[in-house]
Amino acid sequence: MFTYRYRELAVALEKKGEVRLALAKTLRVNPEEIFNLEVERFSLDSRRKGDLHWSYNVVFDLKRKVRASGNNARGLIESKREIRSLDAEPLKDTVAMASHVDVVGAGPSGLWAALHLLRKGFSVDIYEQGKQVEERFRDIRKFFVDRKFNAYSNVLFGEGGAGAFSDGKLNTRSRNLFSETVLKDMVDFGVDESVVTFAKPHIGTDKLVLMLRQVRAEIVSLGGHIHFNTSLEDIEIKHGRICAIKLREISACAGMTSAGTGTAESHWQPCEALVLAVGHSARSVYEMLHARGVTLESKAFAMGVRVEHPQSLINMRQLGLNVDTRLTGAAEYFLATPTINKTSSAYSFCMCPGGVLVPCASEPGTLATNGMSYSRRNGAFANGAIAVPITAGAEGFDIPSSGSLFGGLDLQRKIETDAYNVGGKVYAAPAQTIKSFLAHSEDKTLPKSTYPCGLVPSNLWDWMDKTICQSLAEGFQNFDRKIPGFINEGLIVAPETRTSSPLRITRNNDTLESVNTQGLFVLGEGAGYAGGIVTSAADGVRLAHYARRCK
C-alpha cells in the first residue's frame, strides 16, 4: 500500500464534496482503487475570475504506485500519514491545580476550559455576569428597539462571549491540536462536520446559539455548575497566591441605564484556582487586578470604523460576473495596505458577508459598532471593520494618558464617548459615505444601512483621532484600486474599537498562570493571548491539558 497527498485538487463548484471522482479522474485510476481517502483542508479558489472551483488537499492510499506527470505533477506527493495526538504533547499534566476550579466568564475560553477540566475529573463552577444565551438574545433585540442599555447582558457580555453575536467565523491562522480539538467538539455539539476541514469555516450567530445550549448541557451533565448573573467584584491575594474571590449576584434590573443601578448582593468565598476568561472588554476587571497588584502590560491593538457595501458589489468584484453564490457562498474580502509614509497601515478585519451591523457598547454612555451574520449569509449588505493598528506607547495618536498602562483603554473610551454624544445619546451611530469622508465633508443624506439604531450624518474628522482618520483615508484609496466601487458605494459607520484588548494580563506561557499571582490562570482574548472564537476556546483546552489535580 502506498500513501499519497494531493495538493490543490480542483473540484467543480457544482461537484462540491465529490472528491474521490475528481481525484480518480486526475490520476487516471478507477475510483475503487483509492482507499482511506481523507480531506485535510478545502477552500474556494477564486484567484482566476470566471474559473472558480473548490480546491482540496487530501491524503489517500493506493495499492500501486502512480507517477506524477502532466496535470498532476505539481499536486501529487508520495507521503506518510501523520499520527498526531495531544497525549504526546510535552506539557501534558505538568501544572498542579486545586481539584476545584472557579472559572469567571462563559465565553469560548471559559466554557472549553470548564468542559475539559470536568472531563479530567476536576470540579468546576463557572460565574458569568451576563445571562444564558437565549435570554441574552431577547435583551439585545429589546435594546435595538427601546435603547435601554444593559451593562451585563448585551452584544459583548453573556453566555458565549462577544463571539456569540458576531459572524461565527471559526477560521484560525494557527491550526494546531488544541484548535482541532475545539472544532471536533463543535461537531459533536451539532455543528456541520465541514468546519474541521474547510479553510474558512463559519456557522453564524443562529447556529452558535444552538451549539452553546449543547455545550451548557454537557457541562452540567459532567457535574459543572454555571452561575449566571454573577460577576467577579474583587480578589484576595496572600503571599503571592489567590485565596478568595468576591462575587456579586446581579438582579434583573441591575445595569439598565434607564432603571437605576438595581440591587446586588456580594459575598466572599475561598478560592485556590481561579481561571479568568473575561473577554477583551472586561475593563472593570483589568482595573481591579491592577489595584490588587496583578501584573498587566500594554499591548498593540487596533481601532477604526465599520464599512458597509452592497453584497452584490463584493460578489461581482471578488468572484466575477454571473457567479451563482448559492454554490460559492457570499464573497469576502481581505485587504491591507501601508499608510502614512509606511509608518502606519489599514487593514480589513472580521468581514461579514451578507451580514448586519450592531451596536456593541459595554459601558453606559459609550458607543462602538460590530458586525454579525447568520448562517446563510444571504443579506443584501456586506460589512467589515477597517482598522488601524496602535502599538503600545505609540506616538501620533490622541491618547488621553499617553505612556500610562491604561492609555489605550482611555483612547477607546474617549472615541466611544464622543461617538455616543455625536449620535444624540440614543445609540444612533455617526456615519459618513467614504466619498464624503475623503472630501472632509458631511453628508446631507445617507444610504440605507443595516444598523438597527439609526444613523446620524457626521464628519468623522471632527471628532475621531486624526492619525486613525489619515490612515483610513489612504487605505480606502488603495482598497478602491483592488475593489473598484469600494469608495463610491461605501458607507462608514463608526466607530470600531473592540478588535482586541489594549492590555494583557501577563502570564507564563508554559503554565498559563499569572507571572506574579499563583493560582490565577488567565485565558483567551481577555488575557490578551487569543484572537477569535477558536483560538480562545483552544486556550481553555490547553489549560485543561496542562492541568493535574494536586489534591
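Me: Contact means heavy atoms within 4.5 Å. In this predicted model, what covers the buried residues of α4?

Reply: The cover of the buried residues of α4 includes α2 (108-119), α5 and α13 (533-546). The buried residues themselves are Phe178, Ser179, Thr181, Val182, Leu183, Asp185 and Met186; each is called buried because its relative accessible area is under 20%.

Me: How do you know that the span of helix α4 agrees with its number of residues?

Reply: Helix α4 covers residues 177-188, which are 12 residues, and at 1.5 Å a residue they should span 16 Å. The expected span takes 1.5 Å times one less than the number of residues. The end C-alpha atoms of α4 are 16 Å apart, so the two values agree.

Me: What makes the phi of Arg147 and that of Lys342 worth noting?

Reply: Most residues other than glycine have a negative phi. Arg147 is not a glycine, yet its phi is positive, at about 60 degrees. Lys342, likewise a residue other than glycine, has a positive phi near 65 degrees. Arg147 lies in the loop between α3 (133-146) and α4, whereas Lys342 lies in the loop between β15 (336-339) and β16.

Me: Why do Arg147 and Lys342 fall where they do in accessibility?

Reply: Arg147 has 26% relative accessibility and so counts as partly exposed, the range between 20% and 50%. Lys342 has 72% and so counts as exposed, since that class begins over 50%.

Me: How do you know whether the peptide bond from Ala494 to Pro495 is cis or trans?

Reply: Its omega is near -10 degrees, and the bond is cis. Most peptide bonds are trans. Pro495 lies in strand β22 (residues 491-496).

Me: What lines the largest cavity, and how do its residues divide by class?

Reply: There are two cavities of 30 Å³ or more, and the largest holds about 60 Å³. Its lining consists of Pro108, Trp112, Gly160, Gly163, Ala164, Met186, Leu208, Met211, Leu212 and Ile533. By class, eight are nonpolar, two polar and none charged; Gly counts as polar. The largest share of this lining, three residues, comes from α5. Met186 in this lining is also one of the buried residues of α4.

Me: What is the volume of the second largest pocket, and which residues are closest to its centre?

Reply: The second largest pocket has a volume of about 1100 Å³. Of its 40 lining residues, Phe198, Thr328, Gly329, Ala330 and Arg377 are the closest to the centre. The elements giving two or more residues to this lining are β2 (35-45), α5 (204-221), α7 (311-319) and α8 (325-328). By class, the lining has 17 nonpolar, 14 polar and nine charged residues.

Definitions and conventions. Residues numbered from 1 in each chain as written. Predicted model: local features only at pLDDT ≥ 70, side-chain atom pairs only at ≥ 80, totals over all residues. Heavy atoms only, no water. 1 Å grid on protein atoms, 1.4 Å probe; cavity = no way out; pocket = protein on both sides within 12 Å on 5 of 7 lines; lining within 4 Å. Points joined across faces, edges and corners; volume = space filled by probe spheres on them. Helix = DSSP H or I, 4+ residues; strand = E, 2+ residues; numbered from the N terminus. Buried < 20%, exposed > 50% of the residue type's maximum accessible area, 1.4 Å probe, protein only.
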